[in-house]
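Keep the view open while you read.

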Amino acid sequence: MRLSCSASRPNREAEVSTGSKRRRAWAMLALLLVCEWSWAQGVLVGCPGATPARALPEPALCLQRAKLAPAQAAGESGVKALFAQAKAQLDAGHIEDAERSLDCAEAVIGGEGDAGLRYELERRRGILDFRREWIPQALARFECAASLSSALDDSAATARDLSNVGAALRRLGDFRGALRSLTASLDLQRTRGEVSGAVSNNIADVYRELRETDTAMRYYREALASYRGKDEPVEAAHVLETMAEVALDSGDAQQASAWLQEALGVYRAGGNRVYELRVHDGLTRVALAQGDLAQAQRWSAAALALSDTWKLPLPPALQLQLARTEQLSGATAAAATRLRETLATTPEGDPMRVPLLQELATAQERAGDAPAANATLRDAYSKAIALAHAQHDRQLDWLRIRFESAEQQRTIAALESENRLRSAQFRQRTLLLGFAAALAVAVLLGFLLLQQRRHQRARLREEAQRVRHEEELARYRREADALAEDRSLLQGLLDSRDEPLCLLDAEGQVLAVNRAGRLWLGAGEDEALVGQPVSAFVGEAGRAALASALERMEDSAAQRLRIAARDGAPLVATLEPWSGGDGLVLLAPQDREIAAPPSPSADEVVAEPADDSVEPSVRDGFRRSLVELMLASIEAWERTTGTSRLEFAEKSRIWRVNIDDGRLRARALERYLTVAKLPRNPRWRDVLRSAYFVLGRCDGLAPKPASRCSTASMRCWPIPGATPWSDRRDVPCRVGQWNAGSATQGALRVWADRPRRRRSGPARADSARGGCRPGTPWVRSRTARRPSTARRSCNS
């Protein structure tokens, strides 16, 4: 929050002159400058953070230690009593006691105390720091007090605080800033008709620093008249002391002595012993300046007696005059001792150390110790240089601060101008944005209504679907209960038969078994068979034979096994397809009467075993070729028809579709889609028939009707040494035996079925039908991987 610096003035504009108006304007300008500078330094209303936090005492304890009467210690009166006590202690030179009193006052006020009391506390703390020679801290507190008084609209307090600010700036060497603040304070007081002597005194001090003695004396006299008119003898005595110093510096020792003696009388009447000691310092100095050593000794003795009587410390300035008197009296050693003791107790940064060191060097020189005198003079010179540098550094710091403040003000002005421009643009865009917002709200409301309508419809659909699902679920549960009842009935029928029966799926999992079959397999009454592999009830030696027999069930009507049970008992069993379901196998003892199987068709004949001399890599290539051809056929069917492999199995009537756990599956077809599940003796005829079916039924895959023996991923060329066959062109192809002695050992040969009558002749292409002549071998293409990139050719 920015400082609000203002000053009120009475409504007397008709009575003031033009010069008075100008003075008030300059006063207001100076006040604004001071407030702006304070704002740049981070000083806010109430000055939070201007000074570090202090550990405050307990209010009740500190009031008790202050020895205030109960009537005075309550509320605001107690705080004012503490302020008066702190002022008396400060006037007596007890700075630590004054600080404790102010700490107690701050503890009583609290963090949310009265603003007027907080202002008075800040001002008195500034005076305390000023007396301690902590000028920067005092300046910060005076500026804080000025901002608080301005916020309280107290022009008299503001003028007083500006005067204090000017005094602090003078001590820091900023004489121009000090004059600006003091002049503003004086104009404010003249506007109110109450001119304070403190402001005139401070202005006189500034002109004294500027070596303008006449102007300074004029303002000193104004201050003296003001104090005397308000019956403030102590403040008037202070002005007399200062005027005596100016007169002494000008060579008028007699006038200086008169003014000092007048001030001494005022202090004695008021009992101000500290100020009496200070006046004795001035009187001793005046006597030495006049050459009256006896008078100087009298004043020195009086000062020592006053100090011993009232136990007051001698100030460094008075010690210096006492030492000079002792030197002139011939007590050089005593003077040197006094100077050394005074230097030991004087702070390092005190300006009085320089004249004390110089006087000590003079004493040492008179005592004949020239080296010590030179060393002391060098020390005095270094201290004087350090003080001058410190003063110069303070001035530079304040100049830098003012420059940064001015730069900040210019930046703020530029930003405010830019802000006004952007505010105008913002107001212009606000109208457009308001219209756009209204339109957006309307669109949003329409969209929300539409979404609500859609959600409502969706909820209605979901509710209807939930009702349908519940009805279907209830129907499924009824059907499941009926199926469970039927299954129990069927299991009872099976258990009533004495002949062991076991129904298996294509993977060898037990689907159903009767009680006799359970005993035949050697399973216990409580052991679960359904869902378990039948190989778990067969010995280790017979499991491989059982798995091989299950794989051969794809191409055989019945198979007989001779294996051992799990407990070692021999099992002579028969595997035969079950007529009640595709892909299911019936396992029964061998002595069961088996109906003579029907004669198989041409594509149901058991595959001839492969030649054991064929290399494993060639066999693996053949198996991979079958899987790839099957995958290519399924992919072409799904891409062109948009149906699944189940529809392909149903329409082609090559592969059986089974019901497994309430869903349709083509188990035999699925075994031809991965090499790992491919049977040991695969039904390669069904794979070729599937490829021909896809080419003949799917539009866009067969480029010409004549490409009868072409497949999606195969091409053909003649194999040297191949036996020529019949020239029948309209018969399906089949896989022949492996020609291990041929020049292309391991190549797969595909040819037409051979009739009984053969004729010799080279294989040639049938140009009329565009297909392969019988006797032209077909070989799996190594380059064709996908049906979309397959090449179909027939080389003669």
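Which residue is the bridge partner of T574 in strand 5? A588 is the partner of T574 there. Before going further, a word on the source: this is a predicted model, where local features need pLDDT of at least 70 and side-chain atom pairs count only at pLDDT 80 or more, while totals for chains, interfaces and linings use all residues. Residues are numbered from 1 along each chain as its sequence is written, and side-chain values use heavy atoms, with hydrogens and water left out.

**The sheet**

That pair belongs to an open sheet of 5 strands, ordered 2-1-5-4-3 and paired in the antiparallel sense. Strands here are DSSP runs of E with at least two residues, helices are runs of H or I with at least four residues, and both are numbered from the N terminus. Two strands count as paired if DSSP finds at least two bridges between them. Strand 2 (510-513) and strand 3 (559-564) are the edge strands, each pairing on one side only. On average, neighbouring strands of this sheet are turned by 25 degrees against each other, direction ignored.

| Strand pair | Sense | Bridges |
|---|---|---|
| Strand 4 (570-577) and strand 5 (585-589) | antiparallel | 5 bridges |
| Strand 1 and strand 5 | antiparallel | 3 bridges |

L586 in strand 5 is a handy landmark: it is the bridge partner of E576, and L503 stands opposite L586 too. Strand 5 is largely enclosed by the rest of the structure, because 5 of its 5 residues are buried (buried means under 20% relative accessible area, exposed over 50%, partly exposed in between, with a 1.4 Å probe and protein chains only).

Helix 21 (residues 540-552) lies across strand 1 (502-504), strand 3 and strand 4, and runs at about 165 degrees to strand 3. Axes are lines fitted to C-alpha atoms, for helices over the stretch in contact, and angles run from 0 to 180 degrees between N-to-C directions.

Helix 4 (residues 75-91) has 17 residues and reaches 25 Å from first C-alpha to last, close to the expected 24 Å; the expectation is 1.5 Å times one less than the number of residues. Its buried residues include V79, L82, F83 and L90. Just after helix 4, G93 takes a positive phi of about 90 degrees.

R124 sits in helix 6 (residues 115-131). R124 is buried, at a relative accessible area of 18%. Leaving aside residues up to four places away in sequence, R124 touches F83, K87 and L102, where contact means heavy atoms within 4.5 Å.

**Cores**

The largest nonpolar core has 50 residues, and I203, Y220, V239, M243, W259 and V279 have the most contacts inside it. Such a core is a set of buried Ala, Val, Leu, Ile, Met, Phe, Trp, Tyr and Cys residues joined through side-chain atoms within 4.5 Å. Helix 12 (residues 233-250) gives the most to this core, with 9 residues. W259 touches M217, L240, M243, A244 and A247, again not counting residues up to four places away in sequence. A second, separate core of 25 residues includes V627, M630, I654 and A668.

**The whole chain**

Zooming out, the chain has 25 helices and 11 strands, and buried residues make up 40% of its 796 residues.
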